[in-house]
Amino acid sequence: MSTVTEPQSAEPQSGFSTTPGAQSLRDAARAYGQKVRGGDVGALPAVAGLIALVIVFAALRPATFTTAFNVANLINQSAAVIVIAMGLVFVLLLGEIDLSAGFAGGTAAAVMGIFMTNRGLAWPLALALCLLTGVVIGTCIGLLVSYLGIPSFVVTLAAFLGLQGLLLVLIGEGGTIAYRNETVLAIMNNNLPVWLGWTIYVVGLGLYALLTFRRSVSRRKAGLTGDVLSVWAFKTVAMVVILGLATYYLSLERSKNPDVTSLKGVPIVVVVLLGLLIVLTFALTRSSWGRHVYAVGGNAEAARRAGINVAGVRLAGFVICSTLAAIAGVLLASRDNSVSPTTGGSSTLLYAVGAAVIGGTSLFGGKGRIVDAIIGGLVVAVIDNGMSLLNQSSGRVYMVTGLVLLIAASVDALSRRRAAATGRA
Amino acid sequence: MWRVGYQPVTVHNPKDSNALGISVVYQDLALCDNLDVVQNMYLGRELRKARLLDEDAMEARAKETLSGLSVRTLKSVRTQVASLSGGQRQTVAIARAVLWNSRLVILDEPTAALGVAQTEQVLLLVRRLADRGLAVILISHNLTDVFQVADEIGVLYLGQMVAQFDAKSVTNNQVVELITGGRSGDLGLKRPQNTASAPTTGTDAGMQS
């Protein structure tokens, strides 16, 4: 009784009309507008908020906030929070949370300090041990969460308390471990020579332009939609201008006494941040492992049925988060010249979670990017920095930061609702 | 222990069965809402070039497969699955199953959550799969659907196969009796038992247990 007949279709079988948009700059802008109206706001609120905050603080404290010295300082202030937030993006994408990342960083930095300062080990070896500490912490958390099935909130809360204690034990009550190695201290305290900053700028953007151009050409050749030349040119020029301004600004002399010490050039930590941004973004968007992270965060059961090792992906997420926390711990120690029992403590972790969420990474899993951590981290740092320049008490700074986080979480929840209504989710 | 062809095989997880050319379209579709159509179709089996995702090849082949199944309802293969209708999702789930040169496709209640027009579309698609030479097992309790697409019908009663016959040789009523009572005339169990059931209909049995 196979009585099904094909419907008589007058139209020729055309396959698909290709992806809408991106045929011209106007199309690209319209497609983006639709995306945002449909509830997929991405990093837009964070970027808008960042610009608004910068304008407000620049207007209120023109003499201090926008100085090159303060801008470089702001980057240093935010670096560790940004790196922890990058790690948290992985965990948040999986729909989990890691509350222990701050003290994981502190503990790893203490391990590095003990071997480097107390035992006299070469810094690369000490750094390797520091990263290993992060891997071990992440593995323990990951195993408990993914194989034993304990909620990550509880496991990492326990790890938060436990690592806080371990850090105290490693350092000893009231003490600190000094960092004396010049190379390690240079990360947060020195700048690239001006010429090197510009070289990296030119080479980096050249590669970016070349790779994106080749990609759009090869996609169009394969009969798929790629950015047309005007869209590609717009994106590239935007990058050239924004990063050019930043590099120029950071290359200005910012020492109060240029005759005594010269202070100019891109801070070294910027290279660390950009390197991590590129490598991690690549892993998340261009490898099948990265795809599986999004899949597990979106629908873990569907991922399992598709043959993905869900527990393994979760485990790797926690390992990456703790390892990045270890790197952040080194940055904190390099900035303070030492590790103390509060390294990675107090508000570090909460600022990092805030940074990831403010940047547009969803707390519900499955949505987020590494660059969110940088944008969100800058928002948090600008609030912190700008308000202290306004001579506000730290009590008020916390309250405002809390408010901004709440706004970001509301934007996340509201955009999800809007997305569900317009069928984008 | 199962036999595929004449080789004994052991299946531990979804990955093993995929490797044997067995694809399952689950009742809840098992799609990731936050990924697009191409990403879902290749989930867990991404194409790679130099260890990196080969997006272009995946997109091109996904388009090809969907066109091959005469699917014209999708606007773009880069649409997020969250924004698709129930019928479109079902289409994606089925297309995923045929993307891999599967030998056997098992569909669990593919029309359960669909409207009339969408059901029609999905049934057309199912029939097209069978016409392409794939073995298709369609699990359904909707007899209209069953008679519309099935070549051969098998009825399960209390977890036991009670009858298997050519779809043209029976009537709707006979199948209902088999489903509810386990027997109908000379078909099915010899002695009637309790009620409750879950019927199976198969087109082209391609696999024996």
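Helices (H or I, at least four residues) and strands (E, at least two) are DSSP runs, numbered from the N terminus. Keep that in mind, everyone, as we start with helix 14 of chain A.

Just after helix 14 of chain A, G360(A) takes a positive phi of about 120°. Before we go on, a word on what we are looking at: this is a predicted model, where local features need pLDDT of at least 70, side-chain atom pairs count only at pLDDT 80 or more, and totals for chains, interfaces and linings use all residues. Residues are numbered from 1 along each chain as its sequence is written, while chains are lettered from A and ligands numbered from 1 in the order in which they are written.

Back to helix 14 of chain A, residues 348-358: why is it largely enclosed by the rest of the structure? Because 10 of its 11 residues are buried. Buried means that 20 or more other C-beta atoms lie within 10 Å of a residue's own, with C-beta atoms placed from the backbone (12 or fewer is exposed, in between is partly exposed). Among the buried ones are T348(A), Y351(A), G354(A) and I358(A).

Now let's look at two helix pairs in chain A. The axes of helix 4 (residues 101-118) and helix 13 (residues 310-336) of chain A come within 7 Å and cross at roughly 60°. Axes here are lines fitted to C-alpha atoms, for helices over the stretch in contact, and angles run from 0 to 180 degrees between N-to-C directions. Helix 4 and helix 13 of chain A are therefore oblique to each other; under 35 degrees would count as roughly parallel, over 145 as roughly antiparallel, 65 to 115 as roughly perpendicular, and the rest is oblique.

Which residues make the contact? From helix 4 of chain A they include A101(A), G105(A) and M112(A), and from helix 13 of chain A they include C321(A), A325(A) and L332(A). In contact means that the C-beta atoms of two residues, placed from the backbone, lie within 7 Å. By class, this contact has 12 nonpolar, five polar and no charged residues. For the classes, Ala, Val, Leu, Ile, Met, Phe, Trp, Tyr, Cys and Pro count as nonpolar, Asp, Glu, Lys and Arg as charged, and the others, Gly among them, as polar.

The second pair is helix 5 (residues 123-146) and helix 6 (residues 152-171) of chain A, whose axes come within 9 Å and cross at roughly 145°. This crossing is right-handed. I137(A) and I141(A) are among the contact residues of helix 5 of chain A, and V155(A) and A159(A) among those of helix 6 of chain A.

Next, the domains, with bounds from an automatic or database domain assignment. Chain A has domain 1 (50-189 + 288-407) and domain 2 (191-266), with centres, over C-alpha atoms, separated by 26 Å. Five residues of domain 1 of chain A touch four of domain 2 of chain A.

Chain B has domain 1 (1-30 + 103-209) and domain 2 (31-100). There, 16 residues of domain 1 of chain B are in contact with 13 of domain 2 of chain B.

Finally, how do the chains meet? 40 residues of chain B are in contact with 37 residues of chain A. Helix 3 of chain B gives the most to the chain B side, with five residues.

Key
A crossing is left-handed if the near helix is turned anticlockwise from the far one by less than a right angle, and right-handed if clockwise.
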